[in-house]
Amino acid sequence: MELEEIKTTLKKASDLKVGSKKVYLESYGCAMNFSDSEIVASILAQEGYSTTNDANEADVVFLNTCSIRDKAEQTVRNRLQHFNSVKRKANPDMIVGVLGCMAERLKSDLLEEEKLVDIVAGPDAYRSLPDLIGEVETGQKAVNVLLSREETYGDISPVKLGENGVSSFISIMRGCDNMCSFCVVPFTRGRERSRDAQTIVEEARQLYAMGYREVTLLGQNVDSYRWNMTKKGEIKDPNLPSVTFAMLLEMVAEVSPELRIRFSTSHPKDMTDDVLYAIAKHKNICNYIHLPVQSGSSAMLERMNRGYTREWYMDRIAAINRIIPDCGISTDIISGFCEETEEEHQQTLSLISEVQFDFAYMYKYSERPKTLAERKFEDDVPEEVKSKRLAEIIALQREGSLIRNKRFVGKTCEVLVEGPSKKNKSEWYGRISENSVVIFPYTNQLPGQYINVKITGCTSATLKGELE
Ligand code: SAH
Ligand code: SF4
Ligand code: F3S
């Protein structure tokens, strides 16, 4: 799952200690970054900071950044320009920091490139933020981009900054060891490490007690989650079974039958049937899997270093459909990766038709510095061809989403209510287990309630329904 380019201005959290110092946080990129901003807010709350949604009154502004595509970095650079003018006109003492993947990728070069930046802190350096702010207050610039093999922030109880109070993210692991040839994440987030399972279950319990009714377990490759380690990363006892992702899912599902569990992202090469059986066994583990395919061509998947073929992927789809009938399935697709032929592109289109995804995130390939692809292949698909292929993928997928949504029309589905719809306040929205959004008329339901909705119609993007 990806929240690319969605800017989230974090609101004041009611449980923050109200201190005299204020921090303004913005998150870009994936859900992991959003969740990390909650860790940052928690670390700074211990130093007496509260959050503000007004940069003009902030003592510190942090942008939690993404490097996945060039466009994501451009968005952040434009935002920095904006803060340059806020600083000049309204708030000259404001400290500006860049956190996250772009900070890790560019390191201290960022201080040269963006003169107004005072702090650069990578994803494993957030515990040092109070010290880094201290350094800036003595007139220096401050950088910490050390990556760690151990840091999981497992003991930090994140300050919840989301708006709806119904669904929340829980990070279960950090980093990635996969080295897909197009991807910058292994360079920006470092080695893969799993978080202590008990702290994950405890966080889910706390969230349930606070009124949350849905948690999404986050990792770059949740299927390789494995916990049987000491803090130093040594295996505690090789004779003890480790907690696998399937086991973790069941542990979190047992917090309460009223707590929905989602997760992201599954990796086709590692997703086991155990995980599928765990989903089938527990009603509160949602019938929804995000399984990025990237391409429908085995030769292309080899160049992408994804570790599976088209046939393997189709076998995983068959397993999902066998074990969890009618499961919601979504994917990620990249168009115009290095050396992509028209035939390879056609294979991606044919895979989309064959699988019938409920939803897809679709991107044009953007070359990233230092990746395997940058070193090994030429980014040789012309921009117009990338765009044309992407448009074909999007159009075909839209038809697929409509077909998939139609399967719910006439059925009654359980919906977890999230809140008023953005377009029309007399209508509310929520999600069904399969992750599709349902719009229904407001009567007197509350966010966090489960209601039965009869689906009366749909578009490719949403379902419409009436209360039963
Ligand atoms: N760990 C997840 C996703 C991480 S990034 C996974 O393995 O699926 C989210 C998505 O961004 C990827 O699935 C991929 O489709 C896309 N992406 C990653 N690098 C990209 C690049 N250089 N250009 C275009 N899209 C990219
Ligand atoms: Fe990137 Fe591949 Fe890791 Fe996903 S699994 S984060 S695409 S390297
Ligand atoms: Fe996420 Fe972007 Fe980093 S997708 S892991 S914030 S590069």
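This tour moves through a predicted model in a series of selections, from helices to single residues and then to the ligands.

Because the model is predicted, local features need pLDDT of at least 70 and side-chain atom pairs count only at pLDDT 80 or more, while totals for chains, interfaces and linings use all residues. Residues are numbered from 1 along each chain as its sequence is written, chains are lettered from A and ligands numbered from 1 in the order in which they are written, and side-chain values use heavy atoms, without hydrogens or water.

**Stop 1: helix H7**

Select residues 197–209, which form helix H7. Helices (H or I, at least four residues) and strands (E, at least two) are DSSP runs, numbered from the N terminus. H7 has 13 residues and reaches 19 Å from its first C-alpha to its last, close to the 18 Å expected at 1.5 Å a residue; the expected span is 1.5 Å times one less than the number of residues.

Next, colour Ala197, Ile200, Val201, Glu203, Ala204 and Leu207, the buried residues of H7. Seen down the axis of H7, these buried residues fall within an arc of 160°, so they line one face of the helix. Here buried means under 20% relative accessible area, exposed over 50%, and partly exposed in between (1.4 Å probe, protein chains only); the arc is that of the directions from the helix axis to the C-beta atoms. On the other side, Gln198 and Ala209 are exposed.

The buried residues of H7 pack against strands S8 (167–171), S11 (214–218), S12 (226–227) and S13 (243–244), and against helix H8 (245–253). Contact means heavy atoms within 4.5 Å. At the N-terminal end, Asp196 caps H7, with a side-chain oxygen 2.8 Å from the backbone nitrogen of Gln198. Just after the helix, Gly211 takes a positive phi of about 110°.

**Stop 2: helix H8**

Select H8 and highlight its buried residues Phe245, Ala246, Leu248, Leu249, Val252 and Ala253. They cover an arc of only 160° around the axis, which puts them on the same side of H8. Their cover includes H7, S11, S13, S14 and helix H9 (273–281).

**Stop 3: helix H5**

Go to residues 129–137, helix H5, where Leu129, Leu132, Ile133 and Val136 are buried. Seen down the axis of H5, the buried residues fall within an arc of 100°, so they line one face of the helix. The face turned away from this buried side carries the exposed residues Asp131 and Glu137. Among the elements covering the buried residues of H5 are helix H1 (31–45) and strand S5 (95–100). Just after H5, Gly139 has a positive phi of about 95°.

**Stop 4: two buried strand residues**

Select Arg262, in strand S14 (residues 260–264). Arg262 is buried, with a relative accessible area of 6%. A polar atom of the Arg262 side chain lies 2.9 Å from the backbone oxygen of Ser433. A polar contact of 3.2 Å joins the side chains of Ser171 and Ser35. A polar contact is a pair of N or O atoms within 3.5 Å; within protein, one must be able to donate a hydrogen and the other to accept it, and residues adjacent in sequence count only if both atoms are side-chain atoms. Ser171 also touches Met32, Arg195 and Leu218, not counting residues up to four places away in sequence.

**Stop 5: backbone geometry**

Display the peptide bond from Ser264 to Thr265, which is cis, with omega near 10°. Thr265 is found in the loop between S14 and H9. Met179, although not a glycine, has a positive phi of about 55°. Met179 is partly exposed, with a relative accessible area of 30%. Gln294, also not a glycine, has a positive phi of about 75°, and Gln294 is buried, with a relative accessible area of 6%.

**Stop 6: the ligands**

Select ligand 1: of the 16 residues around it, Arg69, Gln220, Gln294, Asp332 and Ser366 come nearest. A residue is near a molecule or strand if one of its heavy atoms lies within 4 Å of it. A nitrogen atom of ligand 1 is 2.8 Å from an N or O atom in the side chain of Gln220, and a nitrogen atom of ligand 1 lies 3.1 Å from a backbone N or O atom of Phe182. An oxygen atom of ligand 1 is 3.3 Å from an N or O atom in the Arg306 side chain.
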